[in-house]
Amino acid sequence: MINVQTALFSVLLYVLVMFLIAYFVDKKVEGDPNSKIVDNPFVYCLSLAVYCTSWTFYGSVGKASNSGLLFLTIYLGSTLMVLFWGILLKRLIRVKQNYHITSIVDFLSARYDKSSLIGWVGSLLVLLATIPYLALQFKALVSTFSSIVDTKQIINLGIGSSDRIVGIGFAIFMTTFTILFGIRKIDPTERHPGMIFVLAIECVFKLIVFLIIGIFCCYYLNDGFFHVLAKLPEVVGENYSFMGNQEGSVSTWISFMILSGSAILFLPRQFHVAVIENSNEDHVDDVTWGLPFYLFLINIFVIPISIVGLSLIGLDQADRFVLKIPMEMGYLNLSLLTFLGGFAAASGMIMVSTMTVTVILSNSIYLPIIERLNLPKAFTQFLLPVRWVIASFLIFSSLGYMFLVGDNFALVSMGMVSFAGVLQFAPAILGGLFWKKANSRAALFGLSAGVCTWLYTLYIPAFIKSGYFGQEMLANGLFGIHILRPQALFGLDGMDPLSHSVFWSMFFNLGSFLTISLLFKPSKSEEQIISDFSSLVDIKEKYSYENVELKRNIPLEVKVNTMLAILEKYYDWEKSKACVDGILKNIGVFENRDINILELFELTQEFEKSLTGIVGAATAHQVIQKSNFLSVDERGELYQFYSESLAEYNISPKELHTRINFYKEKEVLMQNQFQELERIIDIRTKELQEKNTILKSSLKKIGEMQHQLISREKMASVGLLASGLAHEIKNPLNFIQNGAKIITNELSGNVNLGDEKSLSSIKTSLRLIDDYSVRIDNIVKKMLNLSQQNDTEELLNISEFCVEAFLKEIELCERKYFNKINYSLDTSPTDEYLVSRTTLEQVLSIVIDNSAADLASSKKDPKEIHLKLFIIEDKLNLRIRDNGNGISDEILKNIFEPFVTTKQSKDGAGLGLTIANDLIRSKMGSISILSEKNKFTEVQIELPLKK
């Protein structure tokens, strides 16, 4: 046996090393926020292996010893789930980033109409599901510590004897450990780089230790891996089965697969590490193969260790084979290392789970109560100490659960109670992400029904079997009603208790969720949330209202003071001020004295998102509503703006919807065409690769290949424009869609269309929608001009043709922008050359229109455009220079990319210079731009000529 001092010193040394690592990583990231020490897929993937707790380290071997390969289902189900994370997890991460989600319960509240009631039910489920899982870790720590230490030494040290004293000691230790590592910040959306890095190290450490034990059993105590497997028939009993010993083993396998697939993401700690702590959604792609590989490695020696343990120790201590085997062989140092590996597996899970559940309980139960009772600021100012108290309560409650029921359950059995609990989140979360008909009422009823069924069929029977309640309910059912027996509900007998609970809880949960979603429609406020959640599938650019002229009649100082008053309930003044300044800078009103109604609406949304990071979605929404941040008059002004914005079309609501549907269908058609174009490009690429060796045989064939490659490059650029075009069209379409809903609701009311004032208001309100539809039409026309260009070349006098086209375009731009333009010409006489009239006309039109638009927005007077034309070595050189605003370096470096523009979003689509660049390049020419901010812009074009 190992003496107490050595064991305790080893644990303290391990924790000290982990704490120092976490401390230095936090300091490193504070000094360099872009540091890759944590922001990399390797660390992110390893931290997710916190899924492998003491259950994996000890319980998998125990489960294999009792039930054959049934233990593998815990990892097969999770592996299958991870393979779908490219779709599922990326959506969750985008929702987290957009809504400042703090936990899995906060996600449900945010998705389902900021419902605090759903938050209550979800928090209760998290609390009840986490306690058995934490109890599992404490059971592993206490039992393994007692196995390697002579408990008589504890008496001699004057500490006392019994597992209770050891358990209390570990509980105090883990409470301190958790507070120091995880509960040091009030905003749980702030990432914990030190903690995540420590989790990654712990996951590496426990894997290495487990592999060492496996190698020790196979290659030191025996003659190899397969030699150990050959001993299986000698050590197992007659009832041993690879499918498990329980009745209904097929249903057990299915249940374990479903539960583990759910738990890998929906356990609160897994959701926190996978979603909240994620720094880059691209890391998910590496996790989809890295995490399954980790699970494979940590399970590769489970069966051999189980066989060796059965032959040396016996089945009664199967959960401790990993620890007992080296002790039986006299390798105490290896046993101590094994204990530290198990401690790493348990402590990491305890730390993350306690931190996560503490945030959930404080945000979804404590803070809503404080706000509802309108208690003084002191109750929220000290939110961090309150979370420390909640964390302590959670850890000691788990310890109590271990003492109450732990002796009657194996490690895996205790864990599966928690897995069955978090499974109840699955319908509401998956439905909320992928089904637009899912609503808050359905989520509440489904979740509540599932939780109640889980408690009745699995949770409560655990206490009954432990002897704390009478056995009558198990035998005869509630109130003596036979069909209400908890483990044979409605006469469903012959299934193991776990599968029975999974079946009935999902029956009521999923059944209620689907039925109510189909029977009831989401509320109006929830429809907007559903639309936002759906839009997060594609990352979109933020819409700008800069081109909308509105009065700035709302004092910003009043709103700032309101925000500061709310934040000071949770932060000190300096941090509150920094938070408000960040919000103002984010929406671009930091230096404004007054703001307009749209800026106020955006300010409200940003403030609610920031507050969500502190108190959760439901409480944040409640606090802002209570503060009257958006007054009744301001709500009316916002409503009036949308009404006027949507009244631009002089058409009926039916026709408005018809036009919207037309644009939707048009967008889908274009996307299909773009996909077909990409398919054709792929086919052409393969053909070029196959013919590559033949084309190299002669110079003529090489020339043909080059021509095809140029054509291919042009098609690829068109494909890029096409994909960008679909994205660009979505912005005005979203505006039209949202506006259509509001105008439809308005027209469905008691509006008197015979009233001249009402009719005039409706006509005026649809003008903006007309503008955005015209914008879409302009974008499509520009794309058609590009695709239908005439490449026919003809003999032209270059100088005369360019001057004529230049003067014609100047005249058009003067009428278009209502500005007088002073122009000058510097040309030399030229001969006739073969050129494309269409190409020259379109390029000159694009360049001069851009110059004229820039001059129109400039305050300079006079407004000048200068054309210089000369020919050198059969190359046309054009220089078009204006004295406008110029172009910033940031925009200039991407000026030829699709949809990059210096114009207001309504005035330009950002396709002009892209088209000009493609046209010039197709003629083997070049185009470049020189510019200096507030001074000039000069477009330089060089085009080869031939006679």
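Predicted model: local features only at pLDDT ≥ 70, side-chain atom pairs only at ≥ 80, totals over all residues.
Starting with the big picture, the protein chain carries 40 helices and nine strands. Of its 947 residues, 53% are buried. As for how the chain folds back on itself, take the contacts with a separation of 6 or more: residues 24 or more positions apart account for 81% of them.

Along the chain, Q317 and S65 are 252 residues apart, yet 9.8 Å separates their C-alpha atoms.

Next come the charged pairs. Side chains of opposite charge can pair when their charged atoms come close. Searching the whole structure turns up seven salt bridges, and three of these are described here.

One of them joins R837 to E794, with the closest N and O atoms 3.3 Å apart. R837 belongs to helix α38 (residues 837-856) and E794 to strand β3 (residues 793-797), so this pair links distant parts of the chain, 43 residues apart. Both partners are partly exposed: R837 has a relative accessibility of 32%, and E794 comes in at 31%.

Strands β7 and β9 are bridged by the pairs that follow. In one, the side chains of E942 and K875 meet at 3.8 Å, N to O. Because E942 lies in strand β9 (residues 936-944) and K875 in strand β7 (residues 875-882), the bridge ties together parts that are 67 residues apart in sequence. E942 counts as partly exposed at 30% relative accessibility, and K875 is also partly exposed, at 36%.

In another, R881 pairs with E938, and here the closest N and O atoms are 2.9 Å apart. R881 is in strand β7 and E938 in strand β9, a link between distant parts of the chain, 57 residues apart. The two ends of this bridge fall into separate accessibility classes. R881, at 36% relative accessibility, is partly exposed. E938, at 13%, counts as buried, because the cut-off for that class is under 20%.

E800, E804, E832 and E841 form a negative surface patch. One of its members, E832, is located in strand β5, which covers residues 832-836. With a relative accessibility of 47%, E832 counts as partly exposed. That value clears the patch criterion, because members must have over 30% relative accessible area. The same criterion asks for no salt bridge, so a patch is built from charges that are not paired in that way.

Notes. Residues numbered from 1 in each chain as written. Heavy atoms only, no water. Patch = residues over 30% accessible without salt bridge, like charges linked within 9 Å, V, L, I, M, F, W, Y side chains within 5 Å. Areas by Shrake-Rupley, 256 points an atom, 1.4 Å probe, with all protein chains shown as cover. Salt bridge = Lys/Arg side-chain N within 4 Å of Asp/Glu carboxyl O. Lys, Arg positive; Asp, Glu negative; His and termini not counted. Charge placed at Lys NZ, Arg CZ, Asp CG, Glu CD. Helix = DSSP H or I, 4+ residues; strand = E, 2+ residues; numbered from the N terminus. Buried < 20%, exposed > 50% of the residue type's maximum accessible area, 1.4 Å probe, protein only. Contact = heavy atoms within 4.5 Å.
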